[in-house]
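Trainee: I am new to this structure, and I would like to look around it with you. Could we take it step by step?

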Amino acid sequence: MSLLPDIKNSIEEAVARNFKDEIAFVQKMVQYGGQRGEEHEALEELYRQYNLRGYHTTKLEMDHEVLAQHSSAGRISNTHSRAPVIVGVHEPKTTTPGGKSLILNGHIDIVPNGPTELWTHDPYSGIIEGDWLYGRGSGDMRAGAVANLYALDALRAIGKQPASKVIIESVPEEESTGNGTMTTHLAGYTADAVLIPEPTNEELVRANVGVIWFKVAVAGRPVHVLKAKEGSNAIESIWQIVGGLKELEKEMNDEKQGRLYFEHMASPINLNVAMIQGGDWASSVPAWCTIDCRVALFPGVTAQEVAEKIERKVAEVSKTNSFLRDSPAKVSWNGFFAEGYVLEPGSAAEEVLKTVHRQVTGTELTSMTMPAYLDTRIFALEQQIPALCYGPIGESLHGFDERVSISSIQRVTTTIALFIAEWCGLEDIAL
């Protein structure tokens with residue numbers, strides 16, 4: 001199936017005509033803010049927008065009991081979000097020969113802002129300077145979620161709609177567990193391919209690591225600092241464990257040899273000691289300490305295998321510490337428990353994406369390896385469908401002054417619209 005030149009040009013022009021409204025909507029989504037567990041307002045807005053467009057729209061609740069039974073779901077605690085998952089479904093009038101179904105997925109949750117004084121503008125300003133739209137979640141990935149919606153709008157603007165089923169999903173918990181998208185999978189939503197416009201700098205993700213989150217807790221023996229040698233400093237003890245975990249990180253990185261898409265990277269497996277808490281008083285030897293950590297894993301390695309390596313390493317270090325021998329550190333899991341994937345080249349969906357990317361940008365589509373978590377893994381591993389992660393140019397993701405390129409949003413929206421038209425086929429809008 002191939003679009004006629006006049007249809008292609010009409011779609012591109014429709015994206016351009018609607019683009020001012022699209023950018024205003026991206027700003028609005030950034031201005032909603034909403035840290036983990038507070039995404040309801042932004043998701044309710046998308047629920048309204050899906051309904052206004054006539055999609056069969058549903059709110060799914062993340063059922064923690066059901067998720068707990070799935071080995072690849074994230075490990076849940078009370079800190080995780082209970083915001084709804086929003087799903088809109090477009091059904092065609094008829095089934096067009098050659099048309100294929102599609103999922104458009106995007107996450108709405110965002111990461112913490114850090115000290116606001118280190119931002120040039122308010123993190124939820126959505127302010128525009130030159131080609132950049134600023135704000136937490138602007139790039140990662142509310143602009144991409146909005147692009148999904150406005151790509152479909154571009155087809156409507158020329159009197160067309162997809163000739164196959166299209167499922168558009170807006171989810172929470174991508175930044176913590178992946179359980180928002182996992183909920184759509186467990187609810188039975190699937191298609192012939194999925195496209196997720198994460199901020200990939202207009203490249204296609206070829207390979208993606210898995211990710212585990214875990215906590216290590218140490219309990220010490222409190223004494224006054226004047227008798228420090230008689231106590232056990234929990235912070236110092238846990239720092240020995242960090243040293244052991246960094247050894248494990250090196251061991252895991254040494255396994256990159258022979259792994260296609262990873263062996264060229266200096267450190268594809270990153271261990272991040274992200275948070276530390278401990279102690280109660282500057283003149284008391286700290287009696288307790290916890291660290292929250294994140295570590296990656298190669299595709300083909302199970303999360304359970306890496307979890308067992310972590311437990312063994314913590315136990316090994318504990319044996320070298322006189323206090324920890326009697327009071328071993330405890331390891332628990334409270335977030336991602338996810339495996340990585342490789343997008344095998346040559347799928348029909350990838351070929352369509354290559355073609356429309358070339359038409360919009362004038363350049364060949366390139367691939368990249370993503371050493372961070374992506375919800376695409378759920379579709380690649382659980383549904384075994386072509387899982388395309390491709391989105392706009394973004395900078396300072398998870399950092400201060402997060403931003404997304406406005407011109408790139410327009411190119412990506414156009415690319416998605418043309419991809420839908422080519423992949424799903426087109427029909428006149430149902431009256």
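This is a predicted model: local features need pLDDT of at least 70, side-chain atom pairs count only at pLDDT 80 or more; totals for chains, interfaces and linings use all residues.

Trainee: In which helix is methionine 29 found?

Mentor: Helices here are DSSP runs of H or I with at least four residues, strands are runs of E with at least two, and both are numbered from the N terminus. Methionine 29 touches Ala42, Glu45, Leu46, Ile108, Arg142 and Val146, leaving aside residues up to four places away in sequence; contact means heavy atoms within 4.5 Å. The helix that holds methionine 29 covers residues 5-32 and is α1.

Trainee: How many residues of helix α5 are buried?

Mentor: Helix α5 spans residues 179-186 and is largely enclosed by the rest of the structure. Its buried residues pack against several elements, including β1 (56-60), α3 (64-68) and α10 (376-383). Among the buried ones are Asn179, Met182 and His185. The count for α5 is 7 of the 8 residues.

Trainee: What distance separates the centres of domain 1 and domain 2?

Mentor: The chain is divided into domain 1 (5-208 + 340-428) and domain 2 (210-338), with bounds from an automatic or database domain assignment. At their contact, 24 residues of domain 1 meet 16 residues of domain 2. Taken over C-alpha atoms, the centres are separated by 34 Å.

Trainee: Which residues have the most contacts inside the largest nonpolar core?

Mentor: A nonpolar core is a set of buried Ala, Val, Leu, Ile, Met, Phe, Trp, Tyr and Cys residues joined through side-chain atoms within 4.5 Å, and the largest one has 124 residues. Both domain 1 and domain 2 give residues to this core, so it lies between them. Val216, Val314 and Leu324 are among the residues that Ile241 touches, not counting residues up to four places away in sequence. The residues with the most contacts inside the core are Ile241 and Phe419.

Notes: Residues are numbered from 1 along each chain as its sequence is written. Side-chain values use heavy atoms; hydrogens and water are left out. Buried means under 20% relative accessible area, exposed over 50%, partly exposed in between (1.4 Å probe, protein chains only).
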